[in-house]
Amino acid sequence: MEFNIDQKALINWITAGLAIKEVRELHGGASYLFSNMIAKVTLASDQYFLSNDAFEQLNKDNVDLSKVFKRSTFYGKESLYMYEHTIPASIVRRQLLNVPPVKEEVVNVLRAAGHVVMILREEDKLLRANGFTRKMPNGWEWGDDPFARYHASGIELSEEKIMVKGVICR
């Protein structure tokens, strides 16, 4: 996976933060800030995966997936859709705190950190009902399938992706 300029900037921010002892010890609100930056790295991607149900709904709504959309187009409380991280930021944060604070290590973790999947709000309810808001399925270990929460919840993923640009929505 090649990172774009926004992702590279966020990776530099994370790497610099990890070099600060107090940040690694999660003082001064570092836990929130750190998780937010991690989430933004995946959200800054130029493309998001789609669940089958989200893909079908987009087709029903005659959305042309050959176009590039502003990230805000499908974002918000009134939207049928949600942007979901395949691996929760808290798990990625824990992994980053277990590697040396050097860019190569940070990049390796963030490459394995998964992606963003656009799902329907109804599918998000399935993830929540299965207890996967901030955790992965039992037995999952770092490096395993980043889509494991979806598989365990019966959410099927499409081969299609949606291309996005603009302000990172979080």
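Good morning, colleagues. Please keep in mind throughout that this is a predicted model.

I begin with helix α7, which spans residues 121-129 and contains aspartate 124. Is aspartate 124 buried or exposed? Its relative accessible area is 7%, and the limit for a buried residue is under 20%, so aspartate 124 counts as buried. Setting aside neighbours within four places in sequence, we find aspartate 124 in contact with Met82, Glu84 and Ile119.

Which residues of α7 are buried? They are Glu123, Asp124 and Leu127. These three cover an arc of only 105° around the axis, and therefore they lie on the same side of α7. On the other side of the helix, Glu122, Lys125 and Ala129 are exposed.

I turn now to the aromatic rings. A pair of aromatic rings is described by the distance of the centres and the angle of the planes. With ring centres required to lie within 6.5 Å, the count comes to seven aromatic pairs. One of these joins phenylalanine 49 to phenylalanine 147: the ring centres are 5.2 Å apart and the planes stand at 65°, so this pair is edge-to-face. Phenylalanine 49 belongs to strand β1, whereas phenylalanine 147 sits in the loop between α7 and α8; the pair therefore ties together parts that are 98 residues apart in sequence.

How accessible are the two phenylalanines? Phenylalanine 49 is buried, at a relative accessible area of 17%. Phenylalanine 147 is buried as well, with a value of 12%.

A further edge-to-face pair is formed by tryptophan 140 and tryptophan 142, with 6.1 Å from centre to centre and 85° between the planes. Here tryptophan 140 counts as buried at 15% relative accessibility, while tryptophan 142, at 26%, is partly exposed.

Finally, which residues do ring pairs link into a cluster? They are Tyr48, Tyr75 and Tyr83.

To conclude, I would draw attention to two points. Thank you for your attention.

Definitions and conventions: Residues numbered from 1 in each chain as written. Predicted model: local features only at pLDDT ≥ 70, side-chain atom pairs only at ≥ 80, totals over all residues. Heavy atoms only, no water. Helix = DSSP H or I, 4+ residues; strand = E, 2+ residues; numbered from the N terminus. Buried < 20%, exposed > 50% of the residue type's maximum accessible area, 1.4 Å probe, protein only. Contact = heavy atoms within 4.5 Å. Arc of directions from axis to C-beta. Phe/Tyr/Trp six-rings, centres within 6.5 Å; stacked < 30°, edge-to-face > 60°.
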